[in-house]
Each structure stands twice: as C-alpha cells, then as structure tokens.
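Student: I have a chain open in the viewer and would like to go through it with you. Could we start with the charges?

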Amino acid sequence: QVQLVESGGGLVQAGGSLRLSCATSGSIFSIQTMGWYRQASGKQRELVALIRNGISTNYADAVKGRFTISRDNAKRAWYLQMNSLKPEDTAVYYCNAVMLRAGMSVDYWGQGTQVTVSS
C-alpha cells in the first residue's frame with residue numbers, strides 16, 4: 001500500500017514563502033513522476049510542478065520563477081518551495097506520484113494541504 005502525506009501548508013501574507021513536503025510510505029518504487037497539483041475553490045485541479053523520471057522538471061506558467069520542486073531520494077520525499085506568494089496561489093495543494101505497476105501507470109494522491117495567501 002502506498003501513502004502520500006502532505007505538510008507545510010498554512011496562512012501567509014502575500015510576498016511570503018512556504019515549503020510543502022510530501023512524505024511517502026509503503027511500496028514506493030518505479031516512480032515515473034512526482035509532483036504537486038492544486039485546486040482552488042470552484043476550480044479544477046491543476047498541475048503546479050512535476051519531476052519526470054527523476055530528472056526533468058515542469059512548472060505551470062503561473063508559478064515559474066517563484067516555485068521550486070525538489071526531491072530527497074533517501075527520504076523518499078519531495079518538496080515544493082513557494083516564494084513570492086500571491087493571493088491567487090490560495091488553494092489546496094496535493095502531492096502526486098505516478099508509479100509503474102504491472103505495466104500500468106498508477107496515480108497516487110495525498111489528502112491535500114491548504115495554502116492561504118492573504119493580500
């Protein structure tokens with residue numbers, strides 16, 4: 001069984017910073033992508049940042065230059081450093097992993113952590 005648990009969310013003023021963490025447990029192997037998504041109230045979930053095959057990174061245009069995704073293989077964890085936060089970054093942030101299982105790509109999600117940016 002795979003578990004992903006986010007932490008680090010909270011309330012911050014515009015211009016501030018937060019660092020989200022995604023801790024994992026269980027059968028963590030054959031990771032194809034690890035990433036962060038967010039869902040604002042009344043909106044669809046959207047990609048924030050992604051590490052693909054442990055090497056390449058992708059960022060949503062809205063966060064480029066402000067957010068940085070990183071990983072710690074030894075801890076089987078990944079992080080999202082969020083700087084220069086804006087009120088429009090307010091959302092529930094979810095960590096996600098896609099792992100290869102029996103030849104199929106399987107999505108795993110955390111429960112989410114709330115990030116609120118006040119103006």
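Student: How many positive and negative side chains does the chain have, and how far apart do the centres of the two sets lie?
Tutor: The chain has 12 positive and 7 negative side chains, and the centres of the two sets lie 5 Å apart. Lys and Arg count as positive and Asp and Glu as negative, while His and the chain ends are not counted, and the place of a charge is NZ of Lys, CZ of Arg, CG of Asp or CD of Glu.

Student: What should I keep in mind about the model itself?
Tutor: This is a predicted model, in which local features need pLDDT of at least 70 and side-chain atom pairs count only at pLDDT 80 or more, whereas totals for chains, interfaces and linings use all residues. Residues are numbered from 1 along each chain as its sequence is written, and side-chain values use heavy atoms, with hydrogens and water left out.

Student: Okay, how many salt bridges are there?
Tutor: There are four salt bridges, where a salt bridge is a side-chain nitrogen of Lys or Arg within 4 Å of a carboxyl oxygen of Asp or Glu.

Student: Which residue does arginine 38 pair with?
Tutor: Arginine 38 forms a salt bridge with aspartate 89, with 2.9 Å between the closest N and O atoms. This pair links distant parts of the chain, 51 residues apart, since arginine 38 belongs to strand S4 (residues 31-39) and aspartate 89 to the loop between strand S8 (77-82) and strand S9 (91-101). Strands here are DSSP runs of E with at least two residues, and helices are runs of H or I with at least four, numbered from the N terminus.

Student: And is arginine 38 buried or exposed?
Tutor: Arginine 38 is buried, because its relative accessible area is 6%, and aspartate 89 is buried too, at 0% relative accessibility. Buried means under 20% relative accessible area, exposed over 50%, and partly exposed in between, with a 1.4 Å probe and protein chains only.

Student: What else does aspartate 89 bridge to?
Tutor: Aspartate 89 also meets arginine 66 in a salt bridge, at 2.7 Å from N to O. Here too distant parts of the chain are linked, 23 residues apart, with arginine 66 in the loop between strand S6 (56-59) and strand S7 (67-72). Both aspartate 89 and arginine 66 are buried, and a network of salt bridges links Arg38, Glu46, Arg66 and Asp89.

Student: What about lysine 64, which residue is its partner?
Tutor: Lysine 64 forms a salt bridge with aspartate 61, the closest N and O atoms being 3.1 Å apart. Aspartate 61 counts as exposed because its relative accessibility is 65%.

Student: Which buried arginine has no salt bridge?
Tutor: Arginine 101 is buried yet has no salt bridge, and the nearest side chain of opposite charge, aspartate 107, is 12 Å away. Arginine 101 is in strand S9 and, leaving out residues up to four places away in sequence, touches Val2, Ser27, Ile28, Phe29, Ser30, Val106 and Tyr108, a contact being heavy atoms within 4.5 Å.
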